[in-house]
Amino acid sequence: METIIIRISGMKGEECVRLVANAIQDLPSIGHLEVSLDKGEASVEHGRFVSPEDILQTIFDAGYEATF
């Protein structure tokens, strides 16, 4: 598995953190996941069945801006 750090803008509180985390965890091949409101980022461990771009798109679809 590979771990990537994604910067996320627009999260305002714990509800936003849960929304982002749930969206990412719905993807296949997601291992450890940590979403930090304070840092404005997510650390995502993923396998080969999902690409980093897929993860970015999922965050975008949830209503947030995301970059590597």
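Is Glu 34 buried, partly exposed or exposed? The model is predicted, and in it Glu 34 counts as partly exposed, at 48% relative accessibility. The cut-offs explain the label: partly exposed lies between under 20% for buried and over 50% for exposed.

Glu 34 is found in strand S2. Leaving aside neighbours within four places in sequence, Glu 34 is in contact with Glu 41, Ala 42 and Ser 43. Arg 48 is 14 residues from Glu 34 along the chain, and their C-alpha atoms are separated by 19 Å.

Now the salt bridges. The count comes to one. The side chains of Arg 18 and Glu 15 meet in it, at 3.0 Å from N to O. These two residues are three apart in helix H1, so about one helical turn separates them.

| Residue | Relative accessible area | Class |
|---|---|---|
| Glu 15 | 52% | exposed |
| Arg 18 | 45% | partly exposed |
| Glu 34 | 48% | partly exposed |

Next, the interior. In soluble globular proteins, nonpolar side chains tend to be buried together. Here the largest nonpolar core has 21 residues. Ile 6, Val 44, Ile 55 and Ile 59 have the most contacts inside it. Strands S1 (2–9), S2 (30–36) and S3 (41–46) each give two or more residues to this core, and so do helices H1 (14–25) and H2 (52–61). H1 gives the most, with five residues.

Take Ile 6. Not counting residues up to four places away in sequence, Ile 6 touches Val 44, Ile 55 and Ile 59, among others.

Terms used:
Residues numbered from 1 in each chain as written. Predicted model: local features only at pLDDT ≥ 70, side-chain atom pairs only at ≥ 80, totals over all residues. Heavy atoms only, no water. Core = buried A, V, L, I, M, F, W, Y, C linked by side-chain atoms within 4.5 Å. Buried < 20%, exposed > 50% of the residue type's maximum accessible area, 1.4 Å probe, protein only. Helix = DSSP H or I, 4+ residues; strand = E, 2+ residues; numbered from the N terminus. Contact = heavy atoms within 4.5 Å. Salt bridge = Lys/Arg side-chain N within 4 Å of Asp/Glu carboxyl O.
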